[in-house]
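Biologist: Before we start, show me the model. I would like to learn how to read its pockets.

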Amino acid sequence: MQKLKVLAAVAFLSVFIGSPHTLQAQTNFYQGKTITIIVGTVPGGLYDRWGRLFGRVMGKYISGNPGMKVQNMPGGGSMVAANYLYDVAKPDGLTIGMFQTHMYLQQMVQRPEVKFDVLKFNWLGSQEKGTMMLYIRADSPYQSIDEIIKAKEQPKCGATGLSDQTTLFTRLLEETIGARFTRVLGYKGGSEVDLAMERGEIICRATRVTVHFSREPFLTWDKKGFDRHLVQAGEKRDARLPDIPTIFELMDKYKTSDVGRRFARVVLAGDELGRPMVAPPGVPSERVKILRDAYGKALKDPELLDEVKRSRLDMEPITGDEIEAIYKELMDQPPAVVELVKKLEEN
């Protein structure tokens, strides 16, 4: 009788935790396999740099030590990559990725190209938060954002697409404080926009503050006085930009409406999300947990931390659960705010 009770208990527990064979299969799933990291930008930018850094260290924290490779998939300001990860990639835990954070705005306005739902992705985590800034060639006639507001001719800014930070930040400035810009879209990546700025095709661009103070060509630009900083997106001034006004200071100065301020927070929520990593919907929950755990451990990896310090990158991680909570609140907006987001479609 005692033996029967033991067998019954084992059978009962196996329903909840799985049989030893099932658990072993889960543990050994990644052995001998390769995980592909899809990066929705061209090589050279920070999305690409972070993707490759995780590709070097993350696999060691996954049982079975799978190989990891990076595949760049630019296009449509990351639309191609986002759609691929949602609708094409197999939900087996062997494909993960990173795409431009502000793609949620394209979903919010129900663009027909959008095949994804940010609420259904399996978010693994994000390693940073990143405030946007706008800069302009120093030899341009515009000394400040106030001069752009008063100018008859609009400065030309370069961007990859509608979800590019330049597009979003300049449109945000138009709707909240009345600063007008001409946007030149279609560049394949940030490095191409930088070259266009050096050639004089455009004279302004937005990036994250971390990007501007951590890599070329911006480090050389600043040394040579090539560019001038105009405005930053944070609520407080970044220590690296102590004399540059924030958009919130400018909204106070120009008496932006409550709807405009809420619109600003919707757009700038992408800064809070940083550059998150994602797995497709439908990946088995135990594999999502494996990937989330490995992502979190990779953030403490000595090689990764050394690279962060050497490259002067920022780190302020948030978890996959925190990202899901942000998206859940973010995607619930009143019609008046959604209408302002739709205006982002206008070039």
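Biologist: Which element gives the most to the lining of the second largest pocket?

Modeller: A pocket is an open set of points on a 1 Å grid over the protein atoms alone, where a 1.4 Å probe fits, with protein on both sides within 12 Å along at least five of seven lines; lining residues have an atom within 4 Å of a point. Strands are DSSP runs of E, at least two residues; helices are runs of H or I, at least four; both are numbered from the N terminus. Here β8 gives the most, with four residues. This is a predicted model: local features need pLDDT of at least 70, side-chain atom pairs count only at pLDDT 80 or more, and totals for chains, interfaces and linings use all residues. Residues are numbered from 1 along each chain as its sequence is written, and side-chain values use heavy atoms, leaving out hydrogens and water.

Biologist: What is the volume of the second largest pocket?

Modeller: Volume is the space filled by probe spheres set on the points, with grid points joined across faces, edges and corners. For this pocket that is about 400 Å³. Among its 32 lining residues, Thr41, Gln100, Gly189, Gly190 and Arg205 are the closest to its centre.

Biologist: How does the lining divide by class?

Modeller: Asp, Glu, Lys and Arg count as charged; Ala, Val, Leu, Ile, Met, Phe, Trp, Tyr, Cys and Pro as nonpolar; the others, Gly among them, as polar. The second largest pocket has eight nonpolar, 18 polar and six charged. The largest pocket has nine nonpolar, six polar and 13 charged.

Biologist: Which element gives the most to the largest pocket's lining?

Modeller: α12, with seven residues.
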